[in-house]
Amino acid sequence: MARSSGKKDDLVKCEYCGEMYSTTYKHCPFCNEDGTGAWDEPEEDCEGRPIRPAGGKRLAGGGAAGGGYYDPPQRGNNDRGRRNISPWSVLGVILSLVLIIAAICIVVSIFRSITGRGPKPKPTPTPPPVESTEPTPTPTAPVESEEPTPTPTVEVTVPPAPDAPTDFRLNATDLTFDAPGQTFNMRVIFTPEDADAAITWTSSDPEVASVSWNGKVTAISRGTVNITATIEGLGSKSCIFRCNFNGTASSSGSSTGGTSSSGGISLSNDDFTVYVGETWRIRISGTESAATWTSSNEAVATVSSNGTVKGVGKGNCTVTAEVDGVKLTCIVRCNGLTKQD
């Protein structure tokens, strides 16, 4: 590109390479203004080195004042000066890097072991348990019911212990047997009535009348005997049994002893106790006449035409015998209990 002459300090910009150069140059000293940047091959000296021109071409008016000589590119210098890279040099670089990394790892491992931050030792594995050859029983799960079974509540009423008696008496004090084998049940009446205690029964002559452990007296032969009840701490009390066996033997019954008499006529008993359903015959002595018998309360005891009394219900009543114009009475007590031999 031709340039008009101008001042030597003026600069222009190459439209091909974009470099700034002095207006004293006719062409861009950097690219020759052809877009290739190539110059004619420079001449070489005897050793093959390019001969640098003394200076670039200048525009008219440039003078000898200088002003930017262009050093054209020297083609082939870089190719002749470049070193060939061999595979062995590349391998050496790789080995060097590997050694450096291994050294760093060793140093870090030593540092962590010293400071206690090294890897923890692996736990010793526990040997597996020895399997038994016997089959393991399969547990049976309990069958749960949908609704819980309520537990029944059993209420037990314990009766209070009976009080110790302060005194006692017998249900008879004098009794007459008029036939062998006749029996009478002696009883103890405690004070208070709901008290209880162990009783020991004895007979003064078991050959005349015997007594069982529960107070049952049995006539055996003619005579008189004492039947005694003994209670520890309270002493003993007795009932007289007279076995005279006069007349006909009476039916079974219990008498409290004593006789009722008037003008030589008398009853064998004047007070006795019977159970419900128990019978006892009252005899009249001193007359051969028939007597008329009555009971003051047949809901307690009844009496037959021959003087046999039968207990009906709990309570007291009076049995009366009327004979030869004389009235004889006997008190009958029914305890309301059923007789148990």
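## Contacts around Met186

Contact here means heavy atoms within 4.5 Å. In this predicted model, methionine 186 touches Leu170, Asn171, Ala172, Trp201, Asn214, Gly215, Val217, Ile227, Cys239 and Phe241, leaving aside residues up to four places away in sequence.

## Nonpolar cores

The largest nonpolar core holds 45 residues, and Met186, Phe241, Ile282 and Trp293 are the ones touching the most other members. Strand E21, spanning residues 326-338, gives the most to this core, with 5 residues. There is also a second, separate core of 5 residues, including Tyr21, Tyr25, Cys28 and Cys31.

## Aromatic pairs and a cluster

How many aromatic pairs does a search of the whole structure find? The search gives 4. One of them joins phenylalanine 184 and tryptophan 280 edge-to-face, at 6.2 Å centre to centre with 70 degrees between the planes. This pair links distant parts of the chain: phenylalanine 184 sits in strand E5 (residues 183-185) and tryptophan 280 in strand E15 (residues 279-281), 96 residues apart. Phenylalanine 184 counts as buried because its relative accessible area, 1%, falls under the 20% cut-off. Tryptophan 280 is also buried, at 1% relative accessibility.

Tryptophan 280 forms a tilted pair with phenylalanine 272 as well, at 6.3 Å centre to centre and 45 degrees between the planes. Phenylalanine 272 is buried, with 0% relative accessibility. Phe177, Phe184, Phe241, Phe272 and Trp280 together make up one aromatic cluster.

## A lysine over a ring

One more ring is worth a look: lysine 237 lies over the face of phenylalanine 168, 5.0 Å from the ring centre.

Note on methods
Residues are numbered from 1 along each chain as its sequence is written. This is a predicted model: local features need pLDDT of at least 70, side-chain atom pairs count only at pLDDT 80 or more; totals for chains, interfaces and linings use all residues. Side-chain values use heavy atoms; hydrogens and water are left out. A nonpolar core is a set of buried Ala, Val, Leu, Ile, Met, Phe, Trp, Tyr and Cys residues joined through side-chain atoms within 4.5 Å. Buried means under 20% relative accessible area, exposed over 50%, partly exposed in between (1.4 Å probe, protein chains only). Helices (H or I, at least four residues) and strands (E, at least two) are DSSP runs, numbered from the N terminus. Rings of Phe, Tyr and Trp (its six-membered ring) pair if their centres lie within 6.5 Å; planes under 30 degrees apart count as stacked, over 60 as edge-to-face and the rest as tilted. A charge sits over a ring if NZ of Lys or CZ of Arg is within 6 Å of the ring centre and within 35 degrees of the ring normal.
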